[in-house]
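Biologist: Hi! I'm new to this one. Could you walk me through it?
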Amino acid sequence: MSFQNNDGASPCLALQGLKVSFGTQRVLDGLDWSLPAGRVVGLLGRNGAGKTTLIETLLGLRAPEGGTARLFGQPSQALPDDVRARIGYVPQRSDLFEWLTADQLLAYFRSFYPRWNTAKVDGLMSRWGIARDKPIRKLSGGEQQRLSIIRALAHEPELLVLDEPVASLDPAARRDFLGELVDQVIDRRTTIVFSTHILSDLERVAVDVAFLSGGRIALHAPLDELLESSVRLGGVPADIERFVREHRLQALSREAAGPVIARGRDAEAIPPATPTVSVDPATLEDLFLALTA
Ligand SMILES: Nc1ncnc2c1ncn2[C@@H]1O[C@H](COP(=O)(O)OP(=O)(O)OP(=O)(O)O)[C@@H](O)[C@H]1O
């Protein structure tokens, strides 16, 4: 699958050979990744896989030891102000000034941006039920998280990066938030990268998924295509191995025991079960476990 931009412009995010270590621990290990405009990508990986490190490095908040990170064609480490204004970021830990009220906070941020969508801010503040005149420290964790998201959406960024934005949100708020992200893409072609551990949410919206494992992006594909072309195979290892070879499937997990997750070229390339090998649809959880092992 190709992720070239349709209009031929440079990708909004381009990472090449990115390397980041903490002491002797190599977290990003020659990571390549490129994203055209207008996609929503769920960044998946196990705890400690390096999602936050990747997000901080791509935004220029952390210097890599090797490789390059570019946003809108500019080096992330030296972004001009006009490019910075095209980016929205919701960090994992709240960056809100807790002694301000929501209204004061929004007024403060508004002063930094040439563009600010007051109607969108007001609409989301009332839809998400956030008190405007309470000190932020008195808002619940989920309300603070929603306020942080509103702040990041308000200046209509072309690239929105969110580090576990739904961690404190209840299921209804998560659904609403994801709907908002999708609207954002439909209305404005915003590119959105967000890390999450809540796989069930992703299956409800048309998103891409990118799996971070071993310091690299192991796979990046539209989720619906990935699910349609992936299966869980059951049977004894020798039969499965033969089945995978004969049907030219790509085995995504190589565990000696248990189900094997495999992928065909597309949905049509998936063969039916045989007396010795069972073929069932793979879930996103199957894919996550296989690809981030
Ligand atoms: N400032 C730091 N100093 C030392 N080690 C760090 C630092 N930041 C991150 N690490 C280590 O780097 C690895 C990747 O951390 P990171 O926070 O990027 O992972 P993550 O995928 O976002 O994890 P989680 O899903 O738990 O939020 C971890 O092993 C972590 O302990």
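Modeller: Happy to! The shell around the ligand divides into three nonpolar residues, six polar and one charged. Here Ala, Val, Leu, Ile, Met, Phe, Trp, Tyr, Cys and Pro count as nonpolar, Asp, Glu, Lys and Arg as charged, and the others, Gly among them, as polar. This is a predicted model: local features need pLDDT of at least 70, side-chain atom pairs count only at pLDDT 80 or more, and totals for chains, interfaces and linings use all residues. Residues are numbered from 1 along each chain as its sequence is written.

Biologist: Which residues surround the ligand?
Modeller: Phe22, Val27, Gly45, Asn47, Gly48, Ala49, Gly50, Lys51, Thr52 and Thr53 do; a residue is near a molecule if its C-beta atom, placed from the backbone, lies within 6 Å of it.

Biologist: And which helix gives the largest share of that shell?
Modeller: Helix α1 (residues 51-58), with three residues. Helices (H or I, at least four residues) and strands (E, at least two) are DSSP runs, numbered from the N terminus.

Biologist: Switching topic: what is the strand order in the open sheet of six strands?
Modeller: The order is β6-β7-β8-β3-β9-β10, with mixed pairing; two strands pair if DSSP finds at least two bridges between them. At the edges, β6 (87-90) and β10 (216-222) each pair on one side only.

Biologist: In what sense do β3 and β8 pair?
Modeller: Parallel, over four bridges. Leu43 stands opposite Ser195 in β8.

Biologist: Last one: where is Thr276?
Modeller: Thr276 sits in the loop between β13 (260-263) and β14 (278-281).
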